[in-house]
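I would be glad if you read them with the structure open.

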Amino acid sequence: MTERQTTRDRPGRRRRGRIAAPLGVLALTIGALAPGSAAADEPSPYEPGLTSIVEVTLDDRGDYERLTALGLDEISHHGGGAQDGGEVEVMLHAESDARTLRKAGFGWDVVVEDVDAVNREARAEESAAAAAAAADPSERSDLPTGRVSYRTLQEVNAELASLAKRYPNTVTLFRLPRPSLLGTPVYGVEITHDVKKDSGKPVFLLTGLTHSREWPTTELTMEFLWDLVQNDRSDARITSMLERGRLVAVPVVNPDGYEMSRGLVHEQKRKNCRVVDGEVPTRAQCAAAESANVGVDLNRNYTAFWGGPGSGARTTDSNYRGAAPASEPEIANMIDLVNAHQVTLAISNHTPDERVLRAPSAPNEPTPAEEAIYQQIAEILGQIMGWPAGPWPEIYYDASGTAEQTSFYTSGTFAFTFENTPGHRDNDRFHPPYPSVIDQYLGTGEYEGSTAREAFLTAFGQASDPTYHALISGSAKPGTELALRKDVTVTSSPVTLPGESLPLTLPVDDRVETTLTVPSSGRFSWHVNPSDRPSQAATANIRESWSLSCRRGKGEWKDAGMVRVTRGTEVTLDRQALPRSC
């Protein structure tokens, strides 16, 4: 019997209609159902005081929009996309959540009665497994690190520092410019051969833990980092990737939320630690019982299309967008990171719904001019994982202010959300028992053939393939520093701000700026995103050019003109195109 099979009757699991509710609760449930509502039957019993997962069946997009408008903690969507209705799982954190659902006329089936009980048992099993592995190496897993339990934030940061120390020519540790709301530093690494050289390699961005409770995303990211460095020079494929491309990874985008969830202060927290818009919270405020579901959903706080469908305007909404585009330091960090690199492909890891998602993320976006090639990459990755792949609204639900939107509309980056580790096959969702992480990374056990490792390697290869981006090559004096710059404006969705009577579209200005140092050969090949970028208003791309400049040593930057390059093409420059001083 597999690990998965043994967990089906863990404490907290309720098969539909199995346990009766107190009579008062049942009477309230029946009386609250509105005539003609989407609920075909009365809700199955919800036990006040427990954190529970319930499943709501929706008939169509109208039902979906009514449910989403409630601002509840929607955690999983099964069936087709938002337009098809389908089954949506909702986490009920309190009786007030159940009351809101009843008042709107929705019925439900209880799927997991006591989420905390399920998680307590899983954590106890992992502690026992970690102790066994420490005493007997044969008890370690087949992951690159052999881990059998989830990391803490301190362990993540210690491992990142260890990677940089042990592999100084391949790994560089960096600290993002802004600490989190609680002042916690945010770390990442760059991995490539001759990592300290500014050589113009294409960049694959891999991130984890945007949402606090999605612990497997950190694990999958960390294992991939160790996999690369441990197999460099012995695995020809990995060696080639590190020669041709550069991985930039941030395993924990949201460190405050991770500490709250992983530290079991608020285990089911989704958002960051923002308590009041515009105010910096204390740790005590974030840890307070009433703050369990307070905060900003960081994957609704990015700039492009901020405030649109699938993002909440109320601070109590589970998908609350924040006070303004990029109002949260954790997301301002990520935008700056992308703008400072030529990120040709990006994966933002999430759990638990088995999807490869791409822009458009919401129905108010146009069909991209380069949709065919974007979808082609999505389907390649989806086939590896055995998951549906495509735009959010078609195969999942609506979302605005996402990482994909901002990277795509700012730089033309082919960006994706991976919904990993389908814990909904059992009692768990966001951080299932650790064997699920092992199986998802390796494609073993219940996830046989669905391997995050292979998907990440394939994505790294696609990020390095100039078919999917562009090249600027040429010659210049060795040691010359070249810079590509472009000032970009993206816009929010139309939003009605406090004190305003009419919706406004908010512009957000950014500068995309990257550099390259010409090697001793005098020849360079710079992998870049196309200068043309997707339009937020029309199918056709916006025709734009890169501004090229150069300098020698610490001298002044000299204007070297404009360069327009489109996807899949190469522009060649020679020394005559640069100022003589360069």
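1. A search through the whole structure, which is a predicted model, turns up 1 disulfide. The bond links Cys-273 with Cys-286, and the S to S distance is 2.0 Å, inside the limit of 2.5 Å that is used to call a disulfide.

2. As to where this bond sits, Cys-273 belongs to the loop between α9 (255-262) and α10 (283-287), whereas Cys-286 is part of helix α10 itself, so the pair ties together parts that are 13 residues apart in sequence. Both partners, Cys-273 and Cys-286, are buried, which here stands for a relative accessible area under 20%.

3. Which hand does the disulfide of Cys-273 and Cys-286 have? The torsion about the S-S bond is about -70 degrees, and the disulfide is therefore left-handed.

4. Turning to the sheets, one of them is open and consists of 4 strands, arranged in the order β2-β3-β1-β4 with antiparallel pairing. Its edges are formed by β2 (73-78) and β4 (109-112), each of which pairs on one side only, and from one strand to the next the twist averages 30 degrees.

5. Within that sheet, strand β1, made of residues 52-58, pairs with β4 in the antiparallel sense, and 3 bridges connect the two.

6. Helix α3 (residues 61-68) lies across β1, β2 and β3 (86-92), and it runs at about 160 degrees to β2. Helix α4 (residues 95-103), for its part, lies across β1 and β3, with an angle of about 145 degrees to β3.

7. Another open sheet has 3 strands, in the order β16-β13-β19, and its pairing is mixed. The edge positions are taken by β16 (523-528) and β19 (570-573); each has a single partner strand, so one side of each is left without a neighbour in the sheet. The twist in this sheet averages 15 degrees from one strand to the next.

8. How many bridges join β13 and β16? Strand β13 (residues 470-475) pairs with β16 over 6 bridges, in the antiparallel sense.

Terms used: Residues numbered from 1 in each chain as written. Predicted model: local features only at pLDDT ≥ 70, side-chain atom pairs only at ≥ 80, totals over all residues. Heavy atoms only, no water. Pairing = 2+ DSSP bridges. Axes fitted to C-alpha atoms, helices over the stretch in contact; angles between N-to-C directions. Contact = heavy atoms within 4.5 Å. Buried < 20%, exposed > 50% of the residue type's maximum accessible area, 1.4 Å probe, protein only.
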